[in-house]
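Dear colleague,

Please find the structure below, handed over for your own reading. My notes on what was found follow it.

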Amino acid sequence: MLNVAKFGGTSVANFAAMQNCANIVKSNNKTKVVVVSASAGVTNLLVDIAHTAMTTEQVLAKVAQISDIQFAILNALDNSQDVSDKLAELLDSLKELALHEELLHRPDLKDALLSHGERLSSLLFSAVLKQNGLNAGNFDVRKVLRTDNEFGQAAPQLDEIRQLSQSLLLPELASKVLVTQGFIGSDPDGNTTTLGRGGSDFTAALLAEALDAETCEIWTDVIGVYTTDPRITAAARPLPELSFEEAAEMATFGAKVLHPATMEPALRKNIKVFVGSSKEPEKGGTWIVRDCTTEPSYRAITRRKDQVMVTVKTPKMMFAQGFLQKVFTIIAQHKLSVDLVTTSEISVSFTLDNPPNSVLQRLNRETIEELSQFCNVLVEENYDLVTVVGNNMHSAAGVSSKIFAAISDYNLRLICYGANPHNMSFLVGNNDSTDVVNVLHKALFE
């Protein structure tokens, strides 16, 4: 019986926040592996250093900000001498990479730099656990989290992760609670890699899978997963349970409390996932499970901002074979990911998610020129994607009519419905999306 607990950036932002997390770990003796993100604010500072041309003084100012965040935690520890030398060593390494003249041009150096956020917070949190009477250690996840060498968005190698976790990580859990890093891994040559933003949730789920854990807890700053983003409407309420499929849909279509890839390992091994607030653990949270006690038609509403829609059109498409293949081959060659697709007799429209690597930058002139050789190309932006997530939506009577009746006053630019039973998605203008979510929430949940 093993539990893997993950704590996000706000949960390890400072000593007081880490103390809350320590109490959570102590309250569950099944928690043997703890995965942490970088302390809140640190990753953003590291990203600035890694991607922005700066003077030496500007870089050193950013490094100083990171040091201040970490030293504030160190100075609150009773046993600070136990980790002070290692902390200083990590900060020196960070500074050296931050000043490296090749940093902006080498993805491997960027990943090495970005890894320091989690390495610093895990070192400090292991010391906080020790101060709370636990036999805790700091484990370098790069020993077991093997990935390919696609720096910035590395893909985990599942068989190797399992083999290494079973041989190197599992034996230590009999006597220790091990604190390790989310978001980072290593390639076959030992180079540090990163899994992309939000990768700490993914790390926790991958380790839970590799160690045959029963549960995986995701501790963040909200009380579970809500019916919609509570920043959009105060009427949003936390959900006691979700199915893996519902959670995957919500994560994919904009629910930021979950990383989309987190559900894959959990689903493969039927690992129950809990999402709760490290600030208010007594308020419970959301359990994500294979089989829910109820399967309502409407479970939640998500919004994903900054969407790009591309329409390709040609009379030659009529009765033509291979047109779609040509279009999507070009899109794939340029490493763009298509989300929603609709077709007519002579045109195809599809959406591309914009952040974090701007699609408008990656949908470059070369991509459009290749498509333009055999069709007209229209690129539209300033859209948001709103998705209603639920169950049996394609077959339950009245589900779609209730949704469309609620938002009849708004222009829907693209609609996708029926490809699976769990969602209905549509593009709306970004100026309308807040109102659309509010109106839908009132019609479906209030």
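Strand β1 (residues 3-7) and strand β7 run parallel and are joined by five bridges. Strands here, like helices, are DSSP runs numbered from the N terminus, with at least two residues (E) for a strand and at least four (H or I) for a helix; two strands pair if DSSP finds at least two bridges between them. The model is predicted, so local features need pLDDT of at least 70 and side-chain atom pairs count only at pLDDT 80 or more, while totals for chains, interfaces and linings use all residues. Residues are numbered from 1 along each chain as its sequence is written, and side-chain values use heavy atoms, with hydrogens and water left out.

Strand β7 also pairs with strand β9 (residues 272-277), in the parallel sense and over six bridges.

Is β7 (residues 215-220) mostly covered or uncovered? Six of its six residues are buried, where buried means under 20% relative accessible area, exposed over 50% and partly exposed in between (1.4 Å probe, protein chains only). Thr215, Glu217 and Trp219 point one way from the strand, and Cys216, Ile218 and Thr220 point the other way.

The loop between β7 and β8 (241-243) contains Thr233, which is buried at 9% relative accessibility. The C-alpha atoms of Thr233 and Thr434 are separated by 8.7 Å, although these residues are 201 apart along the chain.

Strand β11 (residues 298-313) is joined to strand β14 (residues 376-390) by 12 bridges, with Met309 opposite Glu380. Strand β14 pairs in the antiparallel sense with strand β16 (residues 423-429) over seven bridges, and Ser425 in β16 is the bridge partner of Thr387.

How many disulfides does a search of the whole structure find? There are zero, a disulfide being a pair of cysteine sulfur atoms within 2.5 Å. For Cys292, the nearest cysteine sulfur is that of Cys216, 17 Å away; Cys292 is buried, with a relative accessible area of 14%. The sulfur of Cys375 is too far for a bond because the closest cysteine sulfur, in Cys416, is 19 Å away. Cys375 is also buried, at 5% relative accessibility.

The search for aromatic pairs found five in the whole structure. Rings of Phe, Tyr and Trp (its six-membered ring) pair if their centres lie within 6.5 Å; planes under 30 degrees apart count as stacked, over 60 as edge-to-face and the rest as tilted. Phe328 and Phe350 form a tilted pair, at 5.5 Å centre to centre and with 55° between the planes. Phe328 lies in helix α11 (residues 323-333) and Phe350 in strand β13 (residues 347-353), so the pair ties together parts that are 22 residues apart in sequence. Phe328 is partly exposed at 27% relative accessible area, whereas Phe350 is buried at 0%.

Yours sincerely
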